[in-house]
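Welcome! Here is a friendly briefing to read alongside the sequence and the 3D view.

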Amino acid sequence: MLVLSRQRDQTIMIGDDIEITVVDIRGDKVRLGINAPGEVPVHRKEVYDAIKRENRAAASVRPEDIANVTDVRKKEAGTTKQG
(Lines give C-alpha, C1' and ligand atoms only; values in the text may rest on other atoms or scores of the structure.)
Protein backbone atom coordinates (compact mmCIF):
# COMPACT_ATOMS: atom_id res chain seq x y z
CA MET A 1 0.00 0.00 0.00
CA LEU A 2 1.29 3.42 -0.93
CA VAL A 3 0.85 5.91 1.93
CA LEU A 4 1.01 9.62 1.09
CA SER A 5 0.74 12.72 3.24
CA ARG A 6 -1.35 15.55 1.83
CA GLN A 7 -2.65 18.82 3.16
CA ARG A 8 -5.95 20.55 2.40
CA ASP A 9 -6.37 21.43 -1.29
CA GLN A 10 -3.58 19.08 -2.36
CA THR A 11 -4.28 16.45 -4.99
CA ILE A 12 -3.16 12.92 -5.79
CA MET A 13 -3.33 11.62 -9.37
CA ILE A 14 -4.14 8.01 -10.22
CA GLY A 15 -3.20 7.43 -13.83
CA ASP A 16 -4.08 10.29 -16.17
CA ASP A 17 -7.80 10.48 -15.40
CA ILE A 18 -8.42 10.22 -11.66
CA GLU A 19 -7.79 13.07 -9.22
CA ILE A 20 -8.26 12.79 -5.47
CA THR A 21 -8.18 16.10 -3.62
CA VAL A 22 -8.17 16.68 0.14
CA VAL A 23 -11.15 19.05 0.44
CA ASP A 24 -11.36 19.42 4.22
CA ILE A 25 -9.88 18.09 7.44
CA ARG A 26 -11.89 18.27 10.67
CA GLY A 27 -10.54 16.40 13.64
CA ASP A 28 -10.26 12.76 12.63
CA LYS A 29 -12.38 13.19 9.46
CA VAL A 30 -10.92 13.86 6.04
CA ARG A 31 -13.19 14.91 3.16
CA LEU A 32 -11.98 13.87 -0.26
CA GLY A 33 -13.08 15.11 -3.65
CA ILE A 34 -12.76 12.62 -6.49
CA ASN A 35 -12.75 13.48 -10.19
CA ALA A 36 -12.98 10.35 -12.33
CA PRO A 37 -14.37 9.50 -15.76
CA GLY A 38 -18.04 8.49 -15.73
CA GLU A 39 -17.22 4.91 -16.66
CA VAL A 40 -15.09 4.49 -13.51
CA PRO A 41 -17.31 3.52 -10.56
CA VAL A 42 -16.40 5.29 -7.31
CA HIS A 43 -17.85 3.98 -4.02
CA ARG A 44 -17.02 3.99 -0.35
CA LYS A 45 -15.57 0.58 0.58
CA GLU A 46 -18.60 -0.47 2.64
CA VAL A 47 -20.94 0.39 -0.26
CA TYR A 48 -18.69 -1.47 -2.71
CA ASP A 49 -18.71 -4.55 -0.45
CA ALA A 50 -22.53 -4.44 -0.20
CA ILE A 51 -22.86 -4.19 -4.00
CA LYS A 52 -20.53 -7.18 -4.45
CA ARG A 53 -22.48 -9.19 -1.86
CA GLU A 54 -25.81 -8.41 -3.57
CA ASN A 55 -24.37 -9.29 -6.99
CA ARG A 56 -23.12 -12.64 -5.69
CA ALA A 57 -26.54 -13.36 -4.15
CA ALA A 58 -28.31 -12.46 -7.40
CA ALA A 59 -25.91 -14.63 -9.40
CA SER A 60 -26.71 -17.63 -7.21
CA VAL A 61 -30.43 -17.56 -8.08
CA ARG A 62 -31.39 -20.75 -9.91
CA PRO A 63 -33.73 -20.76 -12.93
CA GLU A 64 -36.30 -22.79 -10.97
CA ASP A 65 -36.37 -20.03 -8.32
CA ILE A 66 -37.46 -17.56 -10.99
CA ALA A 67 -40.05 -20.02 -12.31
CA ASN A 68 -41.48 -20.39 -8.79
CA VAL A 69 -41.83 -16.62 -8.42
CA THR A 70 -43.54 -16.44 -11.82
CA ASP A 71 -45.99 -19.18 -10.79
CA VAL A 72 -46.84 -17.38 -7.55
CA ARG A 73 -47.41 -14.11 -9.41
CA LYS A 74 -49.71 -15.84 -11.91
CA LYS A 75 -51.72 -17.36 -9.06
CA GLU A 76 -51.93 -13.98 -7.29
CA ALA A 77 -53.09 -12.30 -10.52
CA GLY A 78 -55.78 -14.97 -10.98
CA THR A 79 -56.99 -14.50 -7.41
CA THR A 80 -57.16 -10.73 -7.82
CA LYS A 81 -59.24 -10.98 -11.02
CA GLN A 82 -61.72 -13.42 -9.46
CA GLY A 83 -61.98 -11.63 -6.10
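What follows is a short tour of the chain, from its overall form to some of its side chains.

This is a predicted model, in which local features need pLDDT of at least 70 and side-chain atom pairs count only at pLDDT 80 or more, while totals for chains, interfaces and linings use all residues. Residues are numbered from 1 along each chain as its sequence is written, and side-chain values use heavy atoms, with hydrogens and water left out.

**Overall form**
- The chain has 2 helices and 3 strands (DSSP runs numbered from the N terminus: helices are H or I with at least four residues, strands are E with at least two).
- Starting at the N terminus, the order of elements is β-β-β-α-α.
- The radius of gyration, taken over C-alpha atoms, is 23 Å, well over the 12 Å that the globule rule gives for 83 residues, so the chain is more spread out than a compact globule. That rule is 2.2 Å times the number of residues to the power 0.38.
- The C-alpha trace spans about 70 × 25 × 25 Å along its principal axes.
- Of the 83 residues, 5% count as buried (buried is under 20% relative accessible area, exposed is over 50%, and partly exposed is in between, using a 1.4 Å probe and protein chains only).

**A nonpolar patch**
- Ile25, Val30, Leu32, Ile34 and Val42 form a nonpolar patch on the surface, with about 410 Å² of accessible area together (patch residues have over 30% relative accessible area and no salt bridge; nonpolar side chains, namely Val, Leu, Ile, Met, Phe, Trp and Tyr, are joined within 5 Å, and like charges within 9 Å). Areas come from the Shrake-Rupley method with a 1.4 Å probe; for residues, only the protein chains shown count as cover.
- Strand S3 (residues 29-35) gives the most to this patch, with 3 residues.

**Around Thr21**
- Thr21 lies in strand S2 (residues 18-26) and is buried, at 19% relative accessible area.
- Leaving aside residues up to four places away in sequence, Thr21 touches Asp9, Gln10, Thr11, Arg31, Leu32 and Gly33 (contact means heavy atoms within 4.5 Å).

**Salt bridges**
- The count comes to 4 salt bridges (a side-chain nitrogen of Lys or Arg within 4 Å of a carboxyl oxygen of Asp or Glu).
- One of them joins Arg8 and Asp24 (3.2 Å, N to O). This pair links distant parts of the chain, 16 residues apart.
- Asp24 is buried, at 12% relative accessible area, whereas Arg8 is partly exposed at 42%.
- Arg26 also forms a salt bridge with Asp24, at 2.7 Å.
- Arg44 and Glu46 meet in another salt bridge (2.6 Å, N to O).
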